[in-house]
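Please look over the model below with these notes beside it.

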2 protein chains.
Amino acid sequence: MREGQIPGATVARLPVYLQVLIEAAEAGIGVLSSDDLARAAGLNAAKVRKDLSYLGSHGTRGVGYDVDGLAHQLSRALGLVEDRPVLLIGVGNLGRALASYGGFERRGFRIVGLIDAAPEVIGQEVAGHQVLPVSELEALVAAEGIGVAVLAIPAAHAQGMAERLVAAGVRSILSFAPTYLSVPEHVTVRRVDLATELQILSFYEHAGPRLPAAPSRHRTGSTARPV
Amino acid sequence: MREGQIPGATVARLPVYLQVLIEAAEAGIGVLSSDDLARAAGLNAAKVRKDLSYLGSHGTRGVGYDVDGLAHQLSRALGLVEDRPVLLIGVGNLGRALASYGGFERRGFRIVGLIDAAPEVIGQEVAGHQVLPVSELEALVAAEGIGVAVLAIPAAHAQGMAERLVAAGVRSILSFAPTYLSVPEHVTVRRVDLATELQILSFYEHAGPRLPAAPSRHRTGSTARPV
DNA sequence: GTATGTGAAACGCTTCACAGCA
DNA sequence: TGCTGTGAAGCGTTTCACATAC
């Protein structure tokens, strides 16, 4: 691993630790051990320690990790010291659900605009935002300094919209469209596809209780408890 | 790897191949090479071939893979030869979006029931289903032979509902609640959390255009085309 | 005593390179 | 010739085990 590089597998777990810490802080817990964190996140203590060690040494031997201090370190590592503006494209059923989801602010993001192509939706008030036409996209991205966009539109329009977002300056796209997006090297796309998730579950159910096996995403399978 | 075991990383990609094949079939394409598949899925040809080889040898050297034949093999491997019944718990914004998502039937699933705890929602007609009270859960799971459930409820209720689902006989849970679920060994949970996804994106945007780096989930970064 | 931080071993996944077959 | 199928090498991640520090 190159100096200062945090492994991808670790990066994908940092948000998990952060969430556990936020909940612990709200519950008035001041210190957590790697074992506590592991239990709450469905992992093992060694992995937690190794992951956190990439951020530097922020624990106290014999004691554990200071909840507030570590939460701050994680927020910093994730680039969340202040809320990041997010643009939401597509105000259908899913888009509305995302716009109404309250957990954003609490976790470092702020939806600053809703955009849709349908004339009957434009101008509507959704979750405190007026839906804007696609023509406003570039101006909005520039004005708000938007780097992250969420795509909740049909697959057929996803590639075109992604290209427009990239041209406008967006560098990270979270796409719910069940299709693959071709983007330049410097742009990161993450795709969430419900049917894909269900199919992965279907495999393991169908294949029988395979003892090991757990692909990429968050999988719980044993003791893990919300704090 | 144990005999007959398909690696978890491969399992997570099988739905992707299946989707590409379905779209190719609809476009009238009869044969695809590993390179074609790789391009459409944002992967490389060697990975595609190795992945598909775990299912057996279904390609033709010098030619490629028969689209229909391979799609059938993949469906079989994923346990999707006939539609799997799915139970949806939680009919809020997100639950409605999921219930209304049309892509299910086409990809091997059938929502057979909606359940919610709120009295004002129970009895409503949503996406062609009457919302049932939680008390109907066990009967519905038994009657329809449901093995897969989707949780779209607040984090605070997720663990309790998961336990009830497991007790009723559900073996796979797709959870949208931003909390970890403790389940028995034989139950598989996959978690989808929007804020987590955004935070991972935030890391890479913040950390600058890291050349390598791409954690677990579907990441596109080069040539990939919707068919 | 207790829990972190970390080299080193073990493991799994990806990529390479080419043999095998149409 | 062209593309699949696959051992083997390479690489990243996980786990182990213990020195280190409170």
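**Notes on the model**

1. Start with DNA strand D. In chain A, α1 and α3 each supply at least two residues of the surface near this strand, and so do α3, β2 (59-60) and β3 (64-66) of chain B. Helices here are DSSP runs of H or I with at least four residues, strands are E runs of at least two, and both are numbered from the N terminus. A residue is near a strand if one of its heavy atoms lies within 4 Å of it.

2. This is a predicted model, in which local features need pLDDT of at least 70, side-chain atom pairs count only at pLDDT 80 or more, and totals for chains, interfaces and linings use all residues. Residues are numbered from 1 along each chain as its sequence is written, chains are lettered from A and ligands numbered from 1 in the order in which they are written, and side-chain values use heavy atoms, leaving out hydrogens and water.

3. Around DNA strand D there are 24 residues, and Arg13(A), Asn44(A), Arg61(A), Ser34(B) and Tyr65(B) come nearest. The nearby surface has four nonpolar, 12 polar and eight charged residues. In this scheme Ala, Val, Leu, Ile, Met, Phe, Trp, Tyr, Cys and Pro are nonpolar, Asp, Glu, Lys and Arg are charged, and the others, Gly among them, are polar.

4. The side chain of Arg13(A) places an N or O atom 2.7 Å from a phosphate oxygen. Ser34(B) has a polar side-chain atom 2.6 Å from a phosphate oxygen. Arg61(A) reaches a base oxygen instead, at 2.4 Å.

5. Now DNA strand C. It is surrounded by 24 residues, the closest being Ser34(A), Arg49(A), Tyr65(A), Arg13(B) and Asn44(B). A polar side-chain atom of Arg49(A) is 2.9 Å from a base nitrogen. Phosphate oxygens lie 2.8 Å from a side-chain N or O atom of Arg13(B) and 2.5 Å from one of Asn44(B).

6. Helix α1 (residues 8-26) of chain A has 19 residues and spans 28 Å from its first C-alpha to its last, close to the expected 27 Å. The expected span is 1.5 Å times one less than the number of residues. The helix bends by about 25 degrees at Leu14(A), with Pro15(A) following within four residues. The bend is the angle between axes fitted to the seven residues ending there and the seven starting there. Of the 19 residues of α1(A), 15 are buried. Buried means under 20% relative accessible area, exposed over 50%, and partly exposed in between (1.4 Å probe, protein chains only).

7. How many salt bridges does the whole structure hold over all chains? The search finds 18. Each is a side-chain nitrogen of Lys or Arg within 4 Å of a carboxyl oxygen of Asp or Glu.

8. One of these pairs is Arg107(A) with Asp193(B), at 2.9 Å between the closest N and O atoms. Arg107(A) is in the loop between α6 (103-106) and β5 (109-115) of chain A, and Asp193(B) is in the loop between β10 (188-191) and α9 (194-206) of chain B, so the pair joins two chains. Arg107(A) is buried at 5% relative accessibility, and Asp193(B) is buried at 2%. Arg191(B) also forms a salt bridge with Asp193(B), at 3.5 Å.

How values were computed:
A polar contact is a pair of N or O atoms within 3.5 Å; within protein, one must be able to donate a hydrogen and the other to accept it, and residues adjacent in sequence count only if both atoms are side-chain atoms.
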